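Work through the following exercises with the sequence and the coordinates open beside you. Each task is followed by a solution in steps.

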Amino acid sequence: MRISVLGAGAWGTALALGMARVGHAVQLWARDPAQAAALREQRENARYLPGVALPAGLQIAVDLDAAIDHARAGASDPEGALLIVASPMAGLRGLLAHGAAAGLPEGVGLLWLCKGFEAGSGRLGHEIAAELAPGLRSGVLSGPSFAQEVARGQPTALVAASRDPWLPQQAVAACHGGALRVYTSDDPVGVEVGGAVKNVLAIATGIADGLPARDGGEPGLGLNARAALITRGLAEMSRLGLALGARQETFMGLSGLGDLVLTATGALSRNRRVGLELAAGRSLAEAVAALGHVAEGVPTAPTVLARARALGVEMPITTAVVEVLEGRLDPAEAVRALMRREARAEH
Ligand SMILES: NC(=O)c1ccc[n+]([C@@H]2O[C@H](COP(=O)([O-])OP(=O)(O)OC[C@H]3O[C@@H](n4cnc5c(N)ncnc54)[C@H](O)[C@@H]3O)[C@@H](O)[C@H]2O)c1
Ligand SMILES: O=P(O)(O)OC[C@H](O)CO
C-alpha cells in the first residue's frame, strides 16, 4: 500500500518505520526542510527519535504536495492508499485543510494520530475533519503506544476508529503484522476523548508521584493515591465522553483505560514528566522546554475543562490540573483540595 505520513516527530517517524518494515511504500514528510535533509543523509531521526535506523525502503519527502501525490497515486490500487497526519493537534487543521484542498480521491483514506482537543475551537479531530473535509474518508488511530517502543519493534496494540467502516480496515491493512496489532472501532468520539483526556490525567499522576517525600519516606503521594487518580480520572473521562456521544465500553478499551494506564504510569510519557517537573518546583515553561517534544495535555487541559463546563460535566482532577498549569494552585495544594472534596457515591 502507498502511505504518506505527514510529520516527522517521534510518533510519525515510529509509525512510518513500523509500516515500512511490513513492506508498504511509505513516504515520511518533515515540515522543516533542514530536518528532511538530515533524515535523508543520516537515515536516523536524531532530533525526535535518536538511535533508530530508518529502513532503506522508507522515503523522506521534503515537499508536502509531493507527499500527498505519493498517496494519491495509490488511489486506484486494489488495496487503496493512506494519508496519515502525524503532527501535534496544533497542526491538524492546517494539514487537513491542505489534504482537502488537494481533493483526495475515494481510494485514499485520511488518518490522524494526534491526541487532544484543538486549542481555541475546543474541537476533536473528527469534528475538525467534518468541518474542513466532510467528503474525505477519515478517522483516528490511537491507543497505548510509546513511539520509542514501536520504533524498537516492541509489541503494540492500537485502535483505529471511524464512522466509515472502510477506514479502520485500511489502518489494519497498513499497520497490522510485525509488532503492531490494530483493533477497529466505530466510536471515534470515545477513542478521541480517551486519547485527549489521558494526557491531562498523566500530568496529574506525575504531580502526585513527584511531590517531595513526607516523613523521610519515598517521594510522591504513594501507589494508593496513583491508583485513585487513575480510577477517578477514568470516571471523569467517561462522563465527558458520554456527554459528547461516546459509548461507555470504549473507555474500557485501548484508547481509554489502556492508554491512561500507560501514560499515567510509564516513564516514557512526556505528559507525566511535565507533572513530575511541576511537582519538583519547576515552572511550566521550564518543564515544557526540557522535554523538546510536545506534551498535548498542556494545551488540551483548559480546552477539556471548557467543553466539560459547557456540558455541565464535573471534572475535578482536570480542574486541579488546569489550576496548577495556570499557576493558580500549588501542586501540593491541588492534591489536598481533591482530598477535601465532599464524600459521594462512587457511581
Ligand atoms: N510520541 C508518542 O509516543 C506518541 C504516541 C501516540 C500518539 N502521539 C501523538 O502524536 C502527536 C505527535 O506527537 P509526537 O510525539 O510525534 O511529537 P514530537 O514533539 O515528537 O514531534 C512533533 C512534530 O510535529 C511538528 N510540528 C509541531 N508543530 C506543528 C504544527 N503546528 N504543524 C505541523 N507540524 C508541527 C514538529 O516539527 C515535529 O516534527 C501528538 O498529538 C501526540 O499526542 C504521540
Ligand atoms: O509521551 P506522551 O505523554 O505524549 O504519551 C505518548 C502516547 O500518547 C502514549 O500512548
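**Exercise 1. Describe the secondary structure and the overall dimensions of the protein.**

Begin with the secondary structure of this predicted model, in which the protein comes to 15 helices and 10 strands. Next consider the radius of gyration, which is 20 Å and lies close to the 20 Å that the globule rule gives for 347 residues, so the protein is as compact as a globular protein of that length. The C-alpha trace, laid along its principal axes, spans about 60 × 40 × 35 Å. Then turn to burial and contacts: 54% of the 347 residues count as buried, and among contacts between residues at least 6 apart in sequence, 69% join residues at least 24 apart.

**Exercise 2. State how the protein is divided into domains, and describe how these domains meet.**

The first step is to take the bounds, which give domain 1 (2-139) and domain 2 (189-340). For the third step, count the residues in contact, where a contact requires C-beta atoms, placed from the backbone, within 7 Å: 12 residues of domain 1 touch 14 residues of domain 2. Sorted by class, the side of domain 1 that touches domain 2 has seven nonpolar, four polar and one charged residues.

**Exercise 3. Which residues come nearest to ligand 1, and which elements and domains contribute to its shell?**

Start from the 26 residues around ligand 1, of which Gly9, Ala10, Gly91, Cys114 and His293 come nearest. The elements that give two or more residues to this shell are α1 (10-21) and α4 (89-101), and α4 provides the largest share, four residues. At the level of domains, at least three residues of the shell are drawn from each of domain 1 and domain 2. By class, the shell around ligand 1 holds 13 nonpolar, nine polar and four charged residues.

Methods:
Residues are numbered from 1 along each chain as its sequence is written. Chains are lettered from A and ligands numbered from 1 in the order in which they are written. This is a predicted model: local features need pLDDT of at least 70, side-chain atom pairs count only at pLDDT 80 or more; totals for chains, interfaces and linings use all residues. A residue is near a molecule or strand if its C-beta atom, placed from the backbone, lies within 6 Å of it. Ala, Val, Leu, Ile, Met, Phe, Trp, Tyr, Cys and Pro count as nonpolar, Asp, Glu, Lys and Arg as charged, and the others, Gly among them, as polar. Domain bounds come from an automatic or database domain assignment. The radius of gyration is taken over C-alpha atoms; the globule rule is 2.2 Å times the number of residues to the power 0.38. A residue is buried if 20 or more other C-beta atoms lie within 10 Å of its own, exposed if 12 or fewer, and partly exposed in between; C-beta atoms are placed from the backbone. Two residues are in contact if their C-beta atoms, placed from the backbone, lie within 7 Å.
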